[in-house]
Amino acid sequence: MGKFTVAQFPCLSDNYGYLIHNEETGETAAVDTPDAKTYNTELQKRGWKLTHIFNTHHHWDHTGGNKELKTEGVKVYGPANERKEIPGLDVPLTGGDCVDFGGLKADVMDVGGHTVGHIAYHFPTETSVFVGDALFALGCGKMFEGTPSMFWTSLKGLRELPDETSVFCAHEYTESNAKFAMSVEPGNADLVSRYEEIKEKRSRGEPTVPSLLGLEKKTNPFLRCDISDEIRKNVGVTASDSEETAFGKTRKAKDTFRG
C-alpha cells in the first residue's frame, strides 16, 4: 500500500482497533480508541509513536481511550457536530474537509445516521475508507440519532466510492449481518457465496474485515435496497415508497430480525 500501513487488532468484545502508519514520516494515527491499553500494546510492539487520533463519532467504544492516549504531541480529530462529546478534541471536522497525514490526504465524509455527526476518513490514494459504525460488512449501524433520509444519503455517498476501496469498519458483526442479508435476498448468488466464505472464516477465528466496497455493492442489503426487487418485496417496500423510505424499512427489518 505504498507509504500507508494499517495495523488491525481486536478490542473490547467485538470492536476492531486500527493504527495507520505513515512509513515516510513515521507518523501514526489511531482510528477511534476503544481501549487505550490495547492500543499502547500494539504501538509498543511495532515501535510506533502515536501522533494523531481520528475519531469517527462520539460513542464510548470509539472515544474511550482518547484521554489516556492523548499525550504530548498527539492531536485529536473528530466530528465538529459532536465536539462536546469527543474527549480532547483539537481539530473539529465536517464533510468536505481534508486532513493532511504527513502528505497523505484523508477526505472527510459526512456519514451521519448512526449518530448525527458521524464522519468517515477516505484515503483515495490508498483506496481505503475508515467508516466507524456507518457501514459494516453486509450491514450498517443502528440509526440511534439520525433519520432515514440522512442515513440513506450517507450510504449513497459511500457507495459512490470506487469498487476497489477497502472498507475498514469498527466491529466484527459480519456473520450476524449475513444471516439478515440472506433472509431478505436469498436469491443473490454473490451473497450466498459470500455467506459460505464468512462462515468458514469465522469458524477459523479469522476476521471478515476489511471488505471491498465492490463486494458490498453486490451483497450488502443497505446498499441495495433501492435496486433489489427481492429485498424491497421482503421488507414491504411499495411502488410509491421513496428510496429513503425503502432504506428505513430495511433498517427496521434488521432491528427486529431474530435469525
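# Helix packing and buried residues

User: Why are helix 5 and helix 9 oblique to each other?

Analyst: This is a predicted model, in which local features need pLDDT of at least 70, side-chain atom pairs count only at pLDDT 80 or more, and totals for chains, interfaces and linings use all residues. Residues are numbered from 1 along each chain as its sequence is written, and side-chain values use heavy atoms, leaving out hydrogens and water. Angles under 35 degrees count as roughly parallel, over 145 as roughly antiparallel, 65 to 115 as roughly perpendicular, and the rest as oblique. Helix 5 (residues 174–184) and helix 9 (residues 243–255) are therefore oblique, since they pack at an angle of about 120°.

User: How far apart are the axes of helix 5 and helix 9?

Analyst: Helices (H or I, at least four residues) and strands (E, at least two) are DSSP runs, numbered from the N terminus. Axes are lines fitted to C-alpha atoms, for helices over the stretch in contact, with angles from 0 to 180 degrees between N-to-C directions. For helix 5 and helix 9 the separation is 10 Å.

User: Which residues make the contact of helix 5 with helix 9?

Analyst: Contact means heavy atoms within 4.5 Å. Helix 5 supplies S176, N177 and F180, and helix 9 supplies T250, A253 and K254.

User: How many nonpolar, polar and charged residues does the contact of helix 5 with helix 9 have?

Analyst: Ala, Val, Leu, Ile, Met, Phe, Trp, Tyr, Cys and Pro count as nonpolar, Asp, Glu, Lys and Arg as charged, and the others, Gly among them, as polar. By class, the contact of helix 5 with helix 9 has two nonpolar, three polar and one charged.

User: At what angle do helix 4 and helix 9 pack?

Analyst: Helix 4 covers residues 148–159. Its axis is 9 Å from that of helix 9. Helix 4 is roughly perpendicular to helix 9, because the angle is about 95°.

User: Which residues of helix 9 make the contact with helix 4?

Analyst: On the helix 4 side are P148, S149, F151, W152, L155 and K156. The residues of this contact divide into five nonpolar, two polar and three charged. From helix 9 come E243, E244, F247 and G248.

User: How many disulfides are there?

Analyst: A disulfide is a pair of cysteine sulfur atoms within 2.5 Å. For C169 the closest cysteine sulfur is in C140, at 11 Å, too far for a bond. For C225 the closest is also in C140, at 8.6 Å, again too far. The count comes to zero.

User: What is the relative accessible area of A134?

Analyst: A134 is in the loop between strand 10 (128–132) and strand 11 (135–136). Leaving aside neighbours within four places in sequence, A134 is in contact with V111, H118, C140, G141, F151, L155 and L158. Buried means under 20% relative accessible area, exposed over 50%, partly exposed in between (1.4 Å probe, protein chains only). A134 is buried, at 1%.

User: Where is N66 found?

Analyst: N66 is buried, with a relative accessible area of 0%. Not counting residues up to four places away in sequence, N66 touches T33, I53, N55, V76, I86 and P87. N66 is in helix 3 (residues 66–69).

User: How far apart are the C-alpha atoms of R232 and F247?

Analyst: R232 is in helix 8 (residues 229–234). R232 counts as buried, at 17% relative accessibility. Along the chain, R232 and F247 are 15 residues apart. Their C-alpha atoms are separated by 9.1 Å.
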